[in-house]
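User: I am new to this structure. Please take one close look at how its inside is packed, and walk me through it in short steps.

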Amino acid sequence: MTTITRNSAQAILSLCLLLLFYQAQAQQPSQQQPSQPQEPQEEIPQTVRENFSQNELESFVKVNEKIAKIQEESEQKMLKAIEDEGMSIERFTEILESQRNPERETNASTEELESFNKAAQFIINESQKTQMQLVATLEEERIDVNTYQDILYAYQQSPNVQDKIHKIEQEKN
């Protein structure tokens with residue numbers, strides 16, 4: 001697992017999540033509800049599972065290579081869609097954030113908003129296609145989504161799991 005792939009995948013995932021949130025907000029009927037103070041929610045620490053079987057870890061490594069390729073291809077398509085609309089990634093992100101938070105003004109022109117909407121729709125569609133591809137890849141490798149997510153989380157949190165995965169990767173090469 002390369003840091004570059006993980007970081008770029010996280011950036012695209014964040015962008016996709018923002019867009020999916022934007023899409024959900026746009027589809028909801030406009031309802032003004034009085035703002036009520038919300039109590040701060042305590043974050044419950046997630047326990048890190050480390051007792052994965054060798055087969056689970058090997059499947060994770062194998063499927064992760066495929067997922068990284070799928071995500072990279074998808075990321076390139078999404079970035080190209082933004083650029084094809086004549087926008088920079090930074091400007092696209094500014095407009096996206098202003099859509100989420102109306103207090104943030106971007107002074108976007110009508111043309112920019114049209115370009116933004118075209119690119120955003122493409123990214124939403126591409127994100128959905130990519131999600132289906134990822135699930136299909138996991139199914140092909142016979143690893144369920146929850147196990148994959150558990151191993152990914154453990155990889156990020158546990159040096160023990162990181163060592164096991166690095167060992168498997170080294171043995172493959």
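**Inside the packing**

Start with Ile165. Leaving aside residues up to four places away in sequence, Ile165 touches Leu57, Phe60, Val61, Ile151 and Tyr155. Touching, or contact, means heavy atoms within 4.5 Å.

A note on the source. This is a predicted model, in which local features need pLDDT of at least 70 and side-chain atom pairs count only at pLDDT 80 or more, while totals for chains, interfaces and linings use all residues. Residues are numbered from 1 along each chain as its sequence is written, and side-chain values use heavy atoms, with hydrogens and water left out.

The protein has 6 helices and 0 strands. Along the sequence the pattern reads α-α-α-α-α-α. Helices (H or I, at least four residues) and strands (E, at least two) are DSSP runs, numbered from the N terminus. Of the 173 residues, 31% count as buried. Buried means under 20% relative accessible area, exposed means over 50%, and partly exposed lies in between (1.4 Å probe, protein chains only). Take the contacts with a separation of 6 or more: 78% of them join residues 24 or more positions apart.

Back to the core. The largest nonpolar core has 17 residues. Such a core is a set of buried Ala, Val, Leu, Ile, Met, Phe, Trp, Tyr and Cys residues joined through side-chain atoms within 4.5 Å. Phe60, Ile143, Tyr148, Ile151 and Ile165 have the most contacts inside this core. At least two core residues come from each of helix H2 (54-84), helix H4 (110-140), helix H5 (145-157) and helix H6 (159-172). H2 gives the largest share, 6 residues. A second core is separate and has 10 residues, among them Met87, Phe116, Ala120 and Ile123. In soluble globular proteins, nonpolar side chains tend to be buried together.

Next, the rings. There are 2 aromatic pairs. Rings of Phe, Tyr and Trp (its six-membered ring) pair if their centres lie within 6.5 Å; planes under 30 degrees apart count as stacked, over 60 as edge-to-face and the rest as tilted. Phe60 and Tyr148 make a tilted pair, 5.0 Å centre to centre, with 35 degrees between the planes. Phe60 lies in helix H2 and Tyr148 in helix H5, so this pair ties together parts 88 residues apart in sequence. Phe60 is buried, at 0% relative accessible area. Tyr148 counts as buried too, at 10% relative accessibility.

Phe92 and Phe116 form an aromatic pair that is also tilted, with 4.8 Å between centres and 35 degrees between planes. Phe92 sits in helix H3 (residues 89-100) and Phe116 in helix H4, so the pair links parts 24 residues apart in sequence. Both Phe92 and Phe116 are buried.

Take H2 and H5. Their axes lie 10 Å apart and the helices pack at an angle of about 90 degrees. Axes are lines fitted to C-alpha atoms, for helices over the stretch in contact, and angles run from 0 to 180 degrees between N-to-C directions. H2 and H5 are therefore roughly perpendicular. Angles under 35 degrees count as roughly parallel, over 145 as roughly antiparallel, 65 to 115 as roughly perpendicular and the rest as oblique. H2 brings Glu56, Leu57, Phe60, Val63, Asn64 and Ile67; H5 brings Thr147, Tyr148, Ile151 and Leu152. By class, that contact has 7 nonpolar, 2 polar and 1 charged. Here Ala, Val, Leu, Ile, Met, Phe, Trp, Tyr, Cys and Pro count as nonpolar, Asp, Glu, Lys and Arg as charged, and the others, Gly among them, as polar.

Now H3 and H4. Their axes come within 10 Å and cross at roughly 90 degrees. That makes H3 roughly perpendicular to H4. Arg91, Phe92, Ile95, Leu96 and Gln99 of H3 meet Glu112, Leu113, Phe116, Ala119, Ala120 and Ile123 of H4. This contact of H3 with H4 counts 8 nonpolar, 1 polar and 2 charged residues.

Glu126 lies in helix H4. Glu126 is buried, with a relative accessible area of 5%. Leaving out residues up to four places away in sequence, Glu126 touches Ser74, Lys77 and Met78. Val135 is also in helix H4. Val135 is partly exposed, at 28% relative accessible area.

Last, the loop between H4 and H5, where Arg142 is found. Arg142 is exposed, at 79% relative accessible area. Its phi is near 60 degrees, a positive value in a residue other than glycine.
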